[in-house]
Structure formats: C-alpha cells, structure tokens
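Q: Please look closely at a single part of this structure and describe how it is built. Then follow what surrounds it, stating the criteria as you use them.

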Protein chains: 4
Amino acid sequence: MIKIGVIGYGYWGPNIVRNLHGLDSTRVEMVCDKSPAALARVRKAYPGISTTSDANEVLRSPQIDAVAVITPVWTHYELAKAALENGKHVFVEKPLTSNADQAEELIELAARGNLALMVDHTFLFTGAVNKIRELIEGNVLGDLYYYDSLRVNLGLFQHDVSVIWDLAPHDLSIMDHLIKKEPEAIVATGEKHLNGVEDVAFITIYFPQNVIAHINVNWLSPVKIRTTLIGGQKKMLVWNDIVADEKIRVYDKGVQLSSGEGIRDLLVSYRSGDMWAPQIEQSEALRVELGYFADCIMNSKTPFNDGRAGLRVVRMLEAAERSIQKRGELVRL
Amino acid sequence: MIKIGVIGYGYWGPNIVRNLHGLDSTRVEMVCDKSPAALARVRKAYPGISTTSDANEVLRSPQIDAVAVITPVWTHYELAKAALENGKHVFVEKPLTSNADQAEELIELAARGNLALMVDHTFLFTGAVNKIRELIEGNVLGDLYYYDSLRVNLGLFQHDVSVIWDLAPHDLSIMDHLIKKEPEAIVATGEKHLNGVEDVAFITIYFPQNVIAHINVNWLSPVKIRTTLIGGQKKMLVWNDIVADEKIRVYDKGVQLSSGEGIRDLLVSYRSGDMWAPQIEQSEALRVELGYFADCIMNSKTPFNDGRAGLRVVRMLEAAERSIQKRGELVRL
Amino acid sequence: MIKIGVIGYGYWGPNIVRNLHGLDSTRVEMVCDKSPAALARVRKAYPGISTTSDANEVLRSPQIDAVAVITPVWTHYELAKAALENGKHVFVEKPLTSNADQAEELIELAARGNLALMVDHTFLFTGAVNKIRELIEGNVLGDLYYYDSLRVNLGLFQHDVSVIWDLAPHDLSIMDHLIKKEPEAIVATGEKHLNGVEDVAFITIYFPQNVIAHINVNWLSPVKIRTTLIGGQKKMLVWNDIVADEKIRVYDKGVQLSSGEGIRDLLVSYRSGDMWAPQIEQSEALRVELGYFADCIMNSKTPFNDGRAGLRVVRMLEAAERSIQKRGELVRL
Amino acid sequence: MIKIGVIGYGYWGPNIVRNLHGLDSTRVEMVCDKSPAALARVRKAYPGISTTSDANEVLRSPQIDAVAVITPVWTHYELAKAALENGKHVFVEKPLTSNADQAEELIELAARGNLALMVDHTFLFTGAVNKIRELIEGNVLGDLYYYDSLRVNLGLFQHDVSVIWDLAPHDLSIMDHLIKKEPEAIVATGEKHLNGVEDVAFITIYFPQNVIAHINVNWLSPVKIRTTLIGGQKKMLVWNDIVADEKIRVYDKGVQLSSGEGIRDLLVSYRSGDMWAPQIEQSEALRVELGYFADCIMNSKTPFNDGRAGLRVVRMLEAAERSIQKRGELVRL
C-alpha cells in the first residue's frame, strides 16, 4: 500500500483524492491546501485524512511514500523537486513544469533517487486513447496522414498561462503517445482578447514523412467540442469525446490517386465503406492511472508517462509559445 | 430578360443552367462544353437550349448579353477577358482568377466597358450568411473576437489546385463579407499526401484590433463538417451548415475579466444564458444570386460580390499559398 | 420503352415525371392535372410532353401503355379501375385505395387483364430498407422482438384523411416487407385537435410469436423525426432516415436471462459490443422503383409491391381506423 | 437538522446517502441493507454512519426522525407503514406502493400522525421539468395538444415488475405534474420476450379536452433515448434529457386551419419561427428534493410530491397493467 500526500485541493485535487481513496493499493495520508475551506471539505468527506496548510508537512513526512502535486504549473518544479529530494515518488499535474530546464532537472533527480516521476496525462488512460493506439499499432489505419484536434469551450480562464499551456498539453500528450515520431517543427498562431494571454490558439506540428498535426484550443467558444480527426492511408477515424457512447468511429474510407496519360488526367478513386464504432473500456481513466502509479512504485517500473514524456510536451509548449509571439514563425524542435 | 451563354457543364454548370432556366429574368441561350456527353445531357434536359463545343460561339454570339464561366480556375482569366472584350457581362465561378494581376485586369476591363463582373460566391446569398451579417451589423454579437471555420470532407481532389484554392474561397469570401476589416497578414500550414498539392491546410488571418480568423480545410476527412464558430464580446454563435434546420445557434454566453487586488487575483465571471436559433430564409442561394446578377445588369448596379470582392479573395489565396510553401511564414497583405 | 401517362402533378407528381423522364426504359407521353398552373410548369420543364386537364385523354390514349395515378387517395379506385379496363398497366400512389373492397376489385381486374398493378411504396426501394431486409433475412438480427417507428413532423395536413392514412402507409408497408409474418390484431389510439381527423396517432400491431410493432405518427411535432428501432435476439438496429450518412446502425447488444436457484434469483447478463454502420446504396428510390415498374411490364413479372401488398396495407389502415374510433379497441385482422 | 435512517443501499441508495450527507439540514444516522458488502461500502465511504442489516433498528431508533425507503417496490408498503407507525416521516422510492389500496392506507397513516410522506419523483426537481412547468403555467405553450415521451434503453431488467412499473413512473409523475388535468382512461399495449413480464410497452392516457399523452418504455433498445415532445397551440417543445446542454428546445411553430368555401377547401397555414433553448438550472435534482423533504418536515409543509401524488401514479400503473393484459382494453380511471 502506497501512502500518499496530496498538495492542492482546488479544481482537480478532489478527483485525485477520491480515486486514491477508492483504490486498494493506495492510501491518502494527508492533504495540503492554502484554503481553510478546501481543507474543511476534505475533513467532511474523509474524516480519516489529516490536513495541513503547510506543504512542508507533506514533503517531509516519514509516513508518506509519494507526493501528488496538483497545483498551478508555476509551482510544480519547486514542489516536485523538494519531494524528490526528500525521497518521495512524485505524481505531477500536467504540464510537468514551466520550462524544459526544470523538467530535465526533475528527471535527473528522479533517476538519481530511483524514484518514480509521473505526469498526469490522464487521457492516455482512457478507453478511447487505448483503442486508438491499438488501431494505429495494429496498422488498421495504415500510414498516418494527419492528426487534427479541436478542444474548445467557454473558460476556464487561467490568470498566469495562455490557453496553450492550459488545454494543449492534453492534445500534445495524446499526439505524442499515438504518433510516436519525433516532431520536427511547430507553428502557432492565436490572439489575446481579455487578459494579456492568448485565449484562442492554433498549433501546427510538422512530423517526418508528411505527417502533420494540428491543435485548435479556445477558451471563448460558446460550445464545448472535443473532436479529433485522424486520417490514415487505409482508414480514418473520428474521436468525439463529448458523447457517452460510440466515442470512436472508424471509417473505411480513402482516396486512391493514379495519373492517367495526359498531364491533367488525374484519376481519383474514392473508397467509401462501412463505419464501425468499437466498444471501448469504460473505466475512469484517473483511477487506472493512479493504480498504475502505485504499481510502478511497487514494482520499480518506469511509467510510460514519465518525466521524459512530460518533457516532450513541455518542449512543444515552449516552442508553440515562442512561435505564437512571432505570429507563426517556424520553431524547430 | 438577360440572355446568357454558359461555358462549362461539368460538376457545377448544371446547377447554374437549372437556376437560370427557372428564373423569369434570364434565358439560357447556349451551353458550351468540350464533352459531347455533357452536351447531350443539356439537350435532353432542355431541348430549347442550343449547344456547342466551341467557346467562341458563346463569346461572340450577338444573341448573348452575358457569359457564365463555370470552368476550372486556370481558364477563368482568358474566357472572362474575351467575354468582356466582346461586350458581355460576366459571371465567373470562384475563385475569380489564378492570380491578382489577372483579377485586376478583368476589373479594369469591366469598368471600362460598363459591364457587370460578378464572382460566384454563392454562400453570400444563403439565408445563414445573411442572418449572421444581420447579427453582426446589428451589433448583437458585439465586437468580434474570432472567426473559426472547419470545412472538411473526403475529396473532391483537384488535379491542378490545392485544397486551399478549392475549399478556402468559400470561407475567405464569407469572412470578408462578415468581418469587413482589412486583413493584415496570413499564416498557412498544411501538408501534401497524394498528388503534390496540399490536401490538408490550416490558415490563420490576422485582422486589426485582435480579430483573428482561422480556416481548416481538408480533403482527407472521413466525415463532412461545415462548422463555423464566431465569438463576439456580447454573444457567440455556431453555424452548422450540414443540418437542415437550426443552422445558426446564437449563445448568450461570455466572459468578463476584472483584476482583483493582488497580482494573481484575476476575477473571472462567466455569463451563460439562453441559446437561440433564429429562423433563416430557405431559398436556394444560387437562384437568388443569379437573379441578383440579372438585376445588377438591368439596373446598372454594382454587385457587392464584384471583381473587387473576387480580387480580395484571390489576394488571400495567393498569400496563403506563399505562406504554406514556407511552412507558416507570415505573409503581409 | 414504356409510354406512360401521369395523372396528378401536385406535390408528388413532379418527382414521378422527373424520374420517368430520366429513365431510358420509360417515356412520359402526357401529364394530366386540373390546375392550369401545374400544366404550365410541366410545359416549361418538359416541352416535349403533352398536357391535358381531362383524365380520359390519358386513360383512353392508344399511345399510352401505363398510367401513373398520383392523385388524392379517394380518387385512386376510379382512375385505376378505368385505366385497367382500358388495358393500361397501373402505378398508384400509396395507399392503394380507400378500402379493402376497392383494392380487391383492382387486383382482380389487373389479374384478368394480365396487367401490372403496382403501389408506390417508395421506401421499399431505398438502400436503407434493402439493407435492413438483408440483415433480417441473413439472420444477423436473430429472432425479431419488436419494430418501433417514430414518424413525426409539422404538417402536411390533409383535409380528407387522418394522419394514419397519410403517414402510416410508409411504416406499414416497410413493416410488412421486413417482418413477413401475418399480423394478428391492431390497437390504435390518438386524438383530433384541429379539423376533425386525428393528427396524432399511436398504432400497435400484434404478430405471432410475441413480435410486436408500434407506429407513432404525428402532424403536430415541432421537429421532423424518422427513427425506427428494431430489436432482435442477436442484434438490434436503429434506422435514422433524417441523417445523410450512417442511416443504419447495428448494435451488437443483447440481454440473456437465466433463472437462479431462488424465486427472485433472476440472472441477467447484458452483451454490449461494437456498433456498425453498413454502407448503403445511395440511388434515388423512386427512380429504382419506376425502373422496376417498367421492367415488370416488359418482362411480365409480378412486382413485390403489387396490388396484394397494397391491399395488406389498406386492411391495416382500416383496422387502425376502426380501433382509434373506439379508443384502442382490439381489431383482429 | 433532520436525522435520517436509510433502508436499502443497492443501486439508488448510495445517491440518497451521498446527497443527505452533503446537505446541512440532514444527517444520515444509520444505513440498513441485507448485503454485508453494501454495508462495508457505507463504512468505507462514511466512517461516521452506523450500519445494520436489521430494518427494525432503523424503524424503531429514537435517534431517527425520518426513514428513507430505497428498496424494491414490493417492500415499500410494509416498511413505510412500520416507519409511520413508529412516528417517522417517510421518503419512499417510486413507485409508492404495489397497489392503490396500500397507498391509500399510507396516506391515511401519515395524515393521522401529522407525518410527511414523500415519494421520490426525482424528475420533478430537475431544472428541465421546472422550466417546462413554468412555460406551461405562463401559457407560453398555449392549450396543450399532447405529451409524448420515449424512454428506452438496454435493461435494467427487474425480476418482479414489468417495464411499465420500472420506467413509466418517471413519465407518469412528470406528466401528472405538468398537465394538471384528471386523466380519464388508459390503453396499454406491449409484449414479453424474456422473463414473463413486459419488456416493451406503449401507454396512451386520455385527458379531457382532447389532450392525449403517450409513453413508450422499452428495456430492449440498443440506444438510450429520453425524449419528450409536448405540443401546444401556441408553441411546441422537445425535451432531450440525454444531452448535457440545451435539454429543452421551444419552437415557435404551429398550424392554423380555416375552412374555405367548398367542402374540400381546407386552408392550412403553418407558422415556423425561431427556436429557443432557455437556460435551465443545473443543480442535482435529488439534492434539491431531499432538501425540500427536510424543509417540509421542519416547517410542517405538505410536499407536492406527497402520498396523493404517489397514489395518482400507482393508479395509472395499475390501469396500464390491466389494459396491457387485455391487449389494449380501455381502462377508465
């Protein structure tokens, strides 16, 4: 049983605590938050968990094996570093850190201490992403053409990071998990309308072999959309994460081009067959992820969503940030 | 009654002829196409219309007041020029020409001859676009934040132009019609997968006052999507052109930011009220547009979708083309 | 080439003429309608077709092989009878007649004259119905449990028949085509709100072996819905006829019940697998149907949507009518 | 603060306990269930709540003011009766009892003891039903024409009651709450396919003044549908309870009929205006309902979802049951 201290009980923290509390392999020892109201909510819901407003109590407690850092991104580095230095395994909210240097330092600290460092890329544990990965690895889609994601809604505005740092980590981590190629360069455009950070952004990621990804993130959309199109040479799919059922639809569609005799004789043939919505696993992704975190600690396994996975995402976020400041300048990775 | 010759009876020409035939103010005198099978279809459907495979017969006929050029884009300039030089009014399929120089020359020729030159930006005549324009001009949406359009489907592949020249003219002409600001610069990214032209493209257009537009066009999507989000300071709307009813949904939603005392005290308030789908006009847009063409000729009016409107779209297409070749380089307009 | 006279050029007639005109195996000789405006529309669209306001001209013309009766239901019997007596094959709009006696008489007349008598049950020629029939006949669905159809919209009100006679013939003919069992009894309920005929009706049809069908028809719905659920022991399907693509969705879902030891120990196991939307044929159903009509005449084949199929539907309509008048009294067939 | 004992911790009980636990005006003293595993779940989630497998402990505890009976319907009468006889207020899962006699006895017991008797008609506390009631009471819809509900899904099969007793109480209680007329008669049809109780049922309820209601309930549907159409003389609405947003859509649509001069001159005019989706309250209905239960007890108010409301539903269930056994025989209420 892994004993865990959770730092941060704001928007996401209660989900972390609820799931850690429900697992057999983990126990929440202590929750830390600056807000007395937040701590009162913890005590009402979980009378057995102790609370504190001092992060050091968590970071130094000998009762605690691992620390979950569920705080704003600009605090991740310092808290995770302290936890690792105190010999704790660390689970960090995404994105891992505010910059790549910090991420590299945490990775090294974890390696040196033989400690698990896991980034909360929750989506990688959903049935939907698992199924898509299975379809790609099984070559059902064939060679990939593009990955195009739309993730828009109204708010929640962050006061210190742009919509890129808030929403794009989801898409970048999923894309990284699925495409498994090294991205070459990034172009990002966008605009600020309210508080000095971009609230609308469009990111293009170039990969080798003509694979291209595109991510559209927006805090000012009247409707919530979570749709990803993935085009492959053999099949194409649409992942709609808003609907309860049939989140993934695989289309037996494609295009075949061949040249005719003359210069303008392009012969195009379309293939349009059945659509198929595979059954996908319904477990709560965060529960699966936290169980996997405990499992990695207990069995000294390196999680696939480790510090290096977190670093890859941070690098892309930094590149997108640089590009958007220069109105779409190509930033090589 | 305006007597019209139609050049081109491929994919779109039959719709032009059907609508011109149905109007009281126009009469189709002659249809020209290279394909004997196409001409046979004309004769079967409209025994009263004469046919020819020689464009010059149309261009020079003294029976003909106006010529509709419904051919591939690379032929527009030459045919439209000849028609104008022969004193014919001209209706040209979008985009107007292959480059801005050609468009400027046609505009001048039309002006010199006091002839109407209209570009077939059909969408500007739909009930949906009319309603959106009304909402913007009536300040229902308030100051605009962004215009974000998704126009994807499987095919139809063109052999000589990229997906930008094929699909984006729709969005660019609508955007131009609605935003009514001078675009400042364009960034385009995309990729080629099949026949040496981009089949997936993402275009960002920067406008003054932080207005931004984004257009996502794709020939390799398994599903057909035609969705545009428009965000304004007072209201936001979603235009879904695929559905039969309630194409436009106006959301009484918004965000208000105010700074609190401390540096991190961002106060965000969201407004989330009713949604409203205004009734929109159901007439066939192409019929309305062609009636307006005849009306402009008969009453010597300058159409709003004239050569200059066509030129503005061609300039943006050229800029997007240049940008995409350099992987997102900013091209100023 | 079958030469056809069409009587009735109101709401549906133009579709009949357009399709007959487009087929190679048929030629429209004459169109009859009482309205001079309707006949003017015929002449404008088809200069080669002669027109008349006198049905006898069509019924007696030696130039005409077959008559299409596309008029209100209360006129079908008289017109079809006259056509058959004049040796013409007959294509009649649904429902075949106003009562079963009339239908039986037409069937006998057609048989005696070796003439084709076909009822326009257009839906039986759609790709969707073909595909569902294929799934049922191939035992993909397994034993049928139920057929439940919802066909509602705003209007079109008829002045002489209820919503049952207007809309239910579609569902009854499809159901008859798919279930292929003899219905045992009918229960219908409903209500009148405006002009003395039911505008809302609910029909239950009992079949042998616990198969049950239900049809919900409504002229007072704010939205147009065309959805049919079909439950089978092995699979279940949803047919949504409003959407452009994926009209049919087949669900690998089911329930298995077994009794445990105690009286209350019901063991229920649910099966919930993939969903699958088979590609379906996109041809215009009416065109296929009219081509089949010509083919049946030329090759002396009995159409499956013949007078007897029409009679089965009329009998169910009569039973539903009797039941609804007595607030759901069971009417045996 | 009302101290409550909860009997039954199966499918629905945990929601009751969670909400009672979260309210300031209630405290859960004890939870009773026959299953040791269920009680273990209670203790894990709420260490402060005592547990028992003996209902009498709850029914007789002097610490307990009110009892929530969240057990199968056949046990409601006995448990509620004992609770009332012990001077406890009672909250009973729907439907109130297995028959009207039992319900009447409970109503009398509650009245005699001045005790609250509330039936868990949760839907009456949703933002959606509140909004619809507001629209009807404010005469926005005008005179009602019909109420038509579709409530279908796969399972959950009950071993002792049919789909009517399982699913229709929702619709009957909502309909009763909204229509506020005395129903006159019921016709029900349906079929059994698996375990000797109807799994598919169609219920028509006749009201005065041509108002008609229809309820379609089905345990064998491959998809989950919760859609209600309500037609009024002035406006019509669609309530789709599956979607997260815009559950209610109000359509400014209608039909006006007037008779022309001749017998067949029916003049129909359709009105088709805007659609409007009012913002609705998002609170969890069960929480609101349980707070209202406490409020009624503390302030000696009679809840609108009292025993008499529960009795009206039970009477309609009994009538539907009788009707379905006789294949749609009209049962007067």
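A: In chain D, 6 strands make up an open sheet with parallel pairing, in the order β3-β2-β1-β4-β5-β6; strands (E, at least two residues) and helices (H or I, at least four residues) are DSSP runs numbered from the N terminus, and two strands pair if DSSP finds at least two bridges between them. The edges are held by β3 (50-52) and β6 (117-120) of chain D, each with a single partner strand, so one side of each has no neighbour in the sheet. From one strand to the next the twist averages 25°, where axes are lines fitted to C-alpha atoms, for helices over the stretch in contact, and angles run from 0 to 180 degrees between N-to-C directions.

The model is predicted, so local features need pLDDT of at least 70 and side-chain atom pairs count only at pLDDT 80 or more, while totals for chains, interfaces and linings use all residues. Residues are numbered from 1 along each chain as its sequence is written, and chains are lettered from A and ligands numbered from 1 in the order in which they are written.

Within the sheet of chain D, strand β1 (residues 2-7) pairs in the parallel sense with strand β4 (residues 66-69) over 4 bridges. Here Ile7(D) has Val69(D) as its bridge partner in β4(D). Helix α4 (residues 76-85) of chain D packs on this sheet and touches β1, β4 and β5 (89-93) of chain D, its direction making about 170° with that of β5(D). Strands of a sheet pair through backbone hydrogen bonds, in either a parallel or an antiparallel sense.

Strand β1 (residues 2-7) of chain A meets strand β4 (residues 66-69) of chain A in the parallel sense over 4 bridges, and the partner of Val6(A) in β4(A) is Ala68(A).

Chain A is assigned domain 1 (2-115) and domain 2 (124-281 + 315-332), with bounds from an automatic or database domain assignment. The centres of these two domains of chain A, taken over C-alpha atoms, are 31 Å apart. Their contact (C-beta atoms, placed from the backbone, within 7 Å) takes 7 residues from domain 1 of chain A and 8 residues from domain 2 of chain A. On the domain 1 side of that contact in chain A, 5 residues are nonpolar, 1 is polar and 1 is charged; Ala, Val, Leu, Ile, Met, Phe, Trp, Tyr, Cys and Pro count as nonpolar, Asp, Glu, Lys and Arg as charged, and the others, Gly among them, as polar.

Between chains, 41 residues of chain A are in contact with 41 residues of chain B. Among the elements of chain A giving two or more residues to this side are β7 (144-154), β9 (198-206) and β14 (266-277), while the largest share, 6 residues, comes from β11(A). By type, the chain A side divides into 24 nonpolar, 11 polar and 6 charged residues. The same surface serves both copies, as 100% of the contact residues of chain A recur in chain B.

Finally, Ile205(D) is located in strand β9 (residues 198-206) of chain D. Ile205(D) counts as buried because it has 26 C-beta neighbours inside 10 Å. Leaving aside neighbours within four places in sequence, Ile205(D) is in contact with Pro183(D), Ile186(D), Ala213(D) and Met316(D). The C-alpha atoms of Ile205(D) and Ala188(D), 17 residues apart along the chain, are separated by 8.6 Å.

Methods
Two residues are in contact if their C-beta atoms, placed from the backbone, lie within 7 Å. A residue is buried if 20 or more other C-beta atoms lie within 10 Å of its own, exposed if 12 or fewer, and partly exposed in between; C-beta atoms are placed from the backbone.
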